[in-house]
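Reader: Please take a close look at the pocket lining in this model. I would like one connected account.

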Amino acid sequence: MKKHKYIHIGLMIALLFSVASCKKELDVKNPNSPTPDQAKTETGIISLATGGVYINGFQNGDSWLGDSYFSLPMGYHELLADDVSAEAANQNVNIVNVPDYVILDNGTKISTSSPQKSNLRINNARNKQSQNMFYYEWTNMYAMNNAINQVLALVDDVHFSGDATTRKNTIKAWCYWWKGYAYAKIGSIYYAGLVNNTPNTLNPNYVNSAAIIAESDKNLSAAAAILGAITSTSDYTTIMGELLPSMSQVGLGTVPTPAMFIHSINTMKARNILANTRVSAMTATQWNAILTLVTNGITSTDKVFTGRTNESDINGWFSAGGGTVASLSAGDPASTTFKISERLVQEFKTGDKRFTNNFASSPYINQVGGFTFSSRWKLYDGIQKQSPLNGAIVLANSTPGAYELYLAGTYEENELMKAEALIYLGQIDLGLASIDLVRNAQGAGLAAVSGTGLTLAAAKEELRRERRVALVFRGTAFYDARRWGVIDDVSKGGGRTNAVVYTAAGVLNTKATINYNFLDYFDVPADEFVLNPPAAGSAAIVNPN
């Protein structure tokens with residue numbers, strides 16, 4: 001009988017890992033080591049802090065489609081944002097993003113017989129766990145949170161070498177960062193959640209998503225305060241070098257300085273505001289708060305948090321060929337899990353080298369589950385070396401060790417949040433300059449849009465398209481579709497017009513209307529609320545929208 005994994009995420013402590021002491025590569029052959037007693041040493045507590053994130057948070061799942069948090073839970077985000085589609089029935093991926101209807105160029109209306117909201121709720125049951133989209137992200141982020149709670153409960157009693165205060169505080173900063181990350185993920189996708197900062201305890205007091213985001217910010221601020229007071233850079237660097245898996249410590253994933261770490265925190269806090277506020281409801285105060293954060297956010301030269309397989313693809317916490325949405329989307333569409341959406345390709349401007357470096361014509365009729373799913377495009381796998389490598393960013397590469405998976409914020413995301421804040425605060429050309437910086441950083445080869453006298457509406461459209469293109473597969477696309485209102489019912493101002501739709505008959509439509517009408521925040525999964533019923537006074541756990 002399968003055991004419950006939530007607080008049972010709470011009660012299932014996340015000690016499912018070990019770290020090889022010499023190679024510093026994750027080794028999951030013995031999933032029950034170290035024990036809490038073993039974690040009372042410096043090496044043991046570091047192992048617990050590392051494995052609690054990369055194994056409990058990012059690797060351990062339940063019948064994954066792919067093999068990491070960044071394949072299935074993030075795959076749902078990309079599906080809901082209409083970046084990709086799917087025809088396989090695994091984990092319901094061919095159903096969760098079927099729009100309510102599409103109106104083709106000739107006026108033909110095609111509707112679904114199973115609206116998304118109804119489908120999701122039918123599958124939110126304990127006996128339908130594998131098909132329940134609500135289940136997966138909740139599972140991983142609370143498993144991570146509980147493991148980190150255990151680290152915080154033990155760390156003060158551990159004897160450290162070197163500058164013991166700095167070493168201990170580095171681990172604490174790591175813990176508060178990842179707790180802030182986990183709460184950010186929960187609060188940004190679920191209608192309600194649980195604040196639980198004690199290991200292995202049951203908490204039935206559900207709070208709304210805004211309270212979860214507040215808890216995220218609280219933890220992120222705690223991490224930043226600790227990092228700002230670090231006194232021994234060498235001891236900090238030593239401990240961070242042990243906490244980060246060795247295979248990730250290449251490219252942008254090498255040890256960040258305390259200042260760089262704080263930059264990642266500020267970018268995440270800015271995302272918390274942006275992702276959870278409808279654009280129509282944003283105030284000047286909020287835009288200014290974002291601008292303040294991103295001004296001290298991730299820069300183009302910063303090291304950030306990344307994942308990467310090792311060269312042999314052994315003992316990594318995700319595989320090169322199945323651990324990410326990108327890897328599951330790359331190659332011949334007839335054999336890939338995810339198929340590239342026409343609406344994603346539609347966002348690339350003519351002459352964008354990022355498009356020619358990553359996509360090619362490969363018409364594929366994919367109507368299983370959805371009438372907007374067919375596409376004329378495939379995503380190159382960098383290992384195939386089929387694309388004319390032109391200096392632009394490569395979006396997918398299944399060569400072990402070749403793909404840099406971004407776990408949290410990036411320079412591009414930070415700069416585009418800056419662009420959006422500036423544009424909405426009336427500094428249009430400065431905002432457009434930030435868009436140009438991102439395009440240049442990714443090798444797009446596009447002419448500058450700053451200094452061209454664009455109107456506010458045109459600047460917003462440049463920003464919208466650039467976020468879709470530059471941040472694809474980075475976990476922000478669904479947040480954008482929600483805050484822009486795209487996923488709302490057409491009757492409420494949502495949907496998408498002038499959409500490209502390729503039909504099962506091979507007919508290309510360029511002026512179609514799509515009414516998505518998707519759920520904006522997930523309900524609490526049944527595997528939690530059935531075994532952990534809400535206490536009196538709890539927030540609603542079902543989204544009324």
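Author: This is a predicted model. Start with the elements around the largest pocket. Four of them, α14 (411-424), α16 (456-470), α17 (477-483) and β11 (496-502), each supply at least two residues of the lining. Helix α16 gives the most, with six residues. In all, 28 residues line the largest pocket. Nearest its centre lie E461, R464, W484, V486 and R496. By class, the lining of the largest pocket has eleven nonpolar, six polar and eleven charged residues. The volume of this pocket is about 470 Å³.

Now the second largest pocket. Its space comes to about 230 Å³. The lining consists of 14 residues. I393, V394, Y403, E404 and Y406 are the closest to the centre of the second largest pocket. Ten residues of this lining are nonpolar, two are polar and two are charged.

Helix α2 spans residues 42-57, and helix α8 spans residues 233-243. Their axes come within 9 Å and cross at roughly 50°. Angles from 65 to 115 degrees count as roughly perpendicular and those under 35 as roughly parallel, so α2 is oblique to α8. On the α2 side, the contact involves E42, I46, A49, T50 and Y54. On the α8 side, I239, E242 and L243 meet them. The contact of α2 with α8 divides into five nonpolar residues, one polar and two charged.

Note on methods:
Residues are numbered from 1 along each chain as its sequence is written. This is a predicted model: local features need pLDDT of at least 70, side-chain atom pairs count only at pLDDT 80 or more; totals for chains, interfaces and linings use all residues. Side-chain values use heavy atoms; hydrogens and water are left out. On a 1 Å grid over the protein atoms alone, a cavity is a set of points where a 1.4 Å probe fits but cannot get out, and a pocket is an open set with protein on both sides within 12 Å along at least five of seven lines; lining residues have an atom within 4 Å of a point. Grid points are joined across faces, edges and corners, and a volume is the space filled by probe spheres set on the points. Helices (H or I, at least four residues) and strands (E, at least two) are DSSP runs, numbered from the N terminus. Ala, Val, Leu, Ile, Met, Phe, Trp, Tyr, Cys and Pro count as nonpolar, Asp, Glu, Lys and Arg as charged, and the others, Gly among them, as polar. Axes are lines fitted to C-alpha atoms, for helices over the stretch in contact, and angles run from 0 to 180 degrees between N-to-C directions. Angles under 35 degrees count as roughly parallel, over 145 as roughly antiparallel, 65 to 115 as roughly perpendicular and the rest as oblique. Contact means heavy atoms within 4.5 Å.
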